[in-house]
Amino acid sequence: FTYTLAKNCQTQNSPMARTQKNKATAHHLGLLKARLAKLRRELITPKGGGGGGPGEGFDVAKTGDARIGFVGFPSVGKSTLLSNLAGVYSEVAAYEFTTLTTVPGVIRYKGAKIQLLDLPGIIEGAKDGKGRGRQVIAVARTCNLILIVLDVLKPLGHKKLIEHELEGFGIRLNKQPPNIGFKRKDKGGINLTATCAQSELDLETVKSILAEYKIHNADVTLRSDSTADDLIDVVEGNRVFIPCIYVLNKIDQISIEELDIIYKVPHCVPISAHHRWNFDDLLERIWDYLKLVRIYTKPKGQLPDYTAPVVLPVDRTAAEDFCAKIHKNLIKEFKYALVWGSSVKHNPQKVGKDHVLEDEDVIQIVKK
């Protein structure tokens with residue numbers, strides 16, 4: 001029943017489609033959007049037990065420094081791309097994980113181990129929340145980057161369908177979290193503060209959306225021109241913001257002029273999986289979007305080891321994070337570190353555990 005309701009809300013005859021968009025109906029639309037968001041959440045995380053079993057084969061262990069999920073319709077060349085990437089750039093066994101039959105493996109690039117995952121069930125009926133669909137979505141939400149593989153001859157239709165599917169599961173592609181402050185309180189009603197002009201949200205709309213979640217006392221601060229969807233995302237609190245690259249495959253079937261146009265589309269990389277064309281450009285773009293930082297280790301009295309960097313996400317690059325990646329007890333023995341590279345003025349420089357490291361720095365830990 002929940003599925004039918006959620007489905008009906010997206011059709012041409014839905015209450016949302018029939019409502020004329022203007023200032024007077026803004027709070028009514030906000031209410032409908034909030035209701036739809038709640039229904040979708042119930043689909044993904046149903047109440048009580050039962051459900052569709054354990055989702056055979058989708059409890060994938062996260063290994064390596066980053067995880068990339070591949071999404072695409074059948075026959076767009078996704079399997080060819082995955083196997084060719086794993087075949088060309090893999091330094092480890094192509095099938096390293098037996099828990100998920102569709103993992104083509106781990107590739108090594110610029111010293112980082114990157115796990116590649118095929119997410120097959122994300123399109124076919126995952127929306128009705130049946131067993132496997134939910135597990136696939138759970139895996140997709142843990143990815144550091146999503147690659148949507150499209151056929152260059154029919155890209156737009158597929159692109160919209162896949163984006164719609166992922167958005168419905170709380171995955172926001174190439175977006176920043178909404179700049180909205182939201183704090184529940186015990187009394188005092190809804191207090192709305194806007195630091196800039198708002199085109200969609202006013203106090204009445206905000207109240208109607210929060211009432212749908214049975215929230216009657218809260219402080220809401222809008223720091224940018226926000227939409228009802230932005231507020232719902234903040235209230236739901238379970239949205240994940242993942243970078244995404246659109247991989248347009250089969251470019252061997254189009255002209256040079258068409259290729260020039262494709263290159264101007266944001267977040268797009270044209271390739272030919274079959275001929276292995278433009279893989280270098282794709283990997284370079286993947287590296288940019290993953291935002292990884294490589295730190296080299298230097299044992300005392302030896303040269304730095306440039307073959308196996310410690311790879312950290314760009315938002316966690318303090319010396320303390322480096323120690324945690326090596327061993328959880330290392331920080332307890334930490335006295336200071338010697339660092340060479342762009343994050344310091346002198347080479348080497350003595351630093352504490354809070355020092356923020358930059359890409360390709362060299363570090364030597366001195367223990368107590």
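What follows is a conversation about a predicted model of a protein.

Reader: Before we start, what kind of model is this, and which pLDDT limits apply?

Author: The model is predicted, so to speak of local features a pLDDT of at least 70 is needed, side-chain atom pairs count only at pLDDT 80 or more, and totals for chains, interfaces and linings use all residues. Residues are numbered from 1 along each chain as its sequence is written, and side-chain values use heavy atoms, with hydrogens and water left out.

Reader: Fine. How many helices and strands are there?

Author: The protein has 11 helices and 16 strands, where helices (H or I, at least four residues) and strands (E, at least two) are DSSP runs numbered from the N terminus.

Reader: And how much of the protein is buried?

Author: Of its 368 residues, 45% count as buried; buried means under 20% relative accessible area, exposed over 50%, and partly exposed in between, with a 1.4 Å probe and protein chains only. The protein exposes about 19,000 Å², and carbon and sulfur atoms supply 53% of that area, with accessible areas taken from the Shrake-Rupley method with a 1.4 Å probe and, for residues, only the protein chains shown counting as cover.

Reader: What share of the contacts comes from residues 24 or more positions apart?

Author: Among contacts with a separation of 6 or more, residues 24 or more positions apart account for 67%, a contact meaning heavy atoms within 4.5 Å.

Reader: Let me look at helix 7. Which of its residues are buried?

Author: In helix 7, which covers residues 203-212, the buried residues are Thr205, Val206, Ser208, Ile209, Leu210 and Glu212.

Reader: What happens just after helix 7?

Author: Just after that helix, Lys214 takes a positive phi of about 60°. As background, most residues other than glycine have a negative phi, and most peptide bonds are trans.

Reader: Where does Lys110 sit, and what is its phi?

Author: Lys110 lies in the loop between strand 2 (105-109) and strand 3 (112-118), and although Lys110 is not a glycine, its phi is positive at about 50°. Lys110 counts as partly exposed because its relative accessibility is 31%.

Reader: Switching to Lys250, what is its phi, and where is its place?

Author: Lys250 is not a glycine, yet it has a positive phi of about 70°, and its place is in the loop between strand 10 (244-249) and helix 9 (256-263).

Reader: Which side chain does Lys250 meet in a salt bridge?

Author: The side chain of Lys250 meets that of Asp151 in a salt bridge at 3.4 Å, N to O, the term standing for a side-chain nitrogen of Lys or Arg within 4 Å of a carboxyl oxygen of Asp or Glu. Because Asp151 lies in strand 4 (residues 145-151) and Lys250 in the loop between strand 10 and helix 9, the pair ties together parts that are 99 residues apart in sequence.

Reader: Is Asp151 buried or exposed?

Author: Asp151 is buried, with a relative accessible area of 5%.

Reader: How many salt bridges does the structure hold?

Author: The structure holds 16 salt bridges. Among them is the one between Asp229 and Lys33, at 3.6 Å, N to O, and this pair links distant parts of the chain, with Asp229 in helix 8 (residues 228-236) and Lys33 in helix 3 (residues 26-44), 196 residues apart. Asp229 counts as partly exposed at 38% relative accessibility, and Lys33 is partly exposed with a relative accessible area of 23%.

Reader: Which residues are linked in a network of salt bridges?

Author: Glu167, Arg172, Lys175, Asp233 and Arg239 are linked in such a network, and within it the side chains of Glu167 and Lys175 meet at 3.4 Å, N to O.

Reader: Last topic: how does strand 14 pair with strand 16 and strand 15?

Author: Strand 14 pairs with strand 16 (residues 361-367) in the antiparallel sense over 6 bridges, and with strand 15 in the antiparallel sense over 3 bridges; two strands pair if DSSP finds at least two bridges between them. The bridge partner of Ala337 is Ile365 in strand 16, while that of Leu338 is Lys350 in strand 15.

Reader: And which peptide bond is cis, with omega near -5°?

Author: The peptide bond from Asn347 to Pro348 is cis, and Pro348 is found in the loop between strand 14 (334-340) and strand 15 (349-351).
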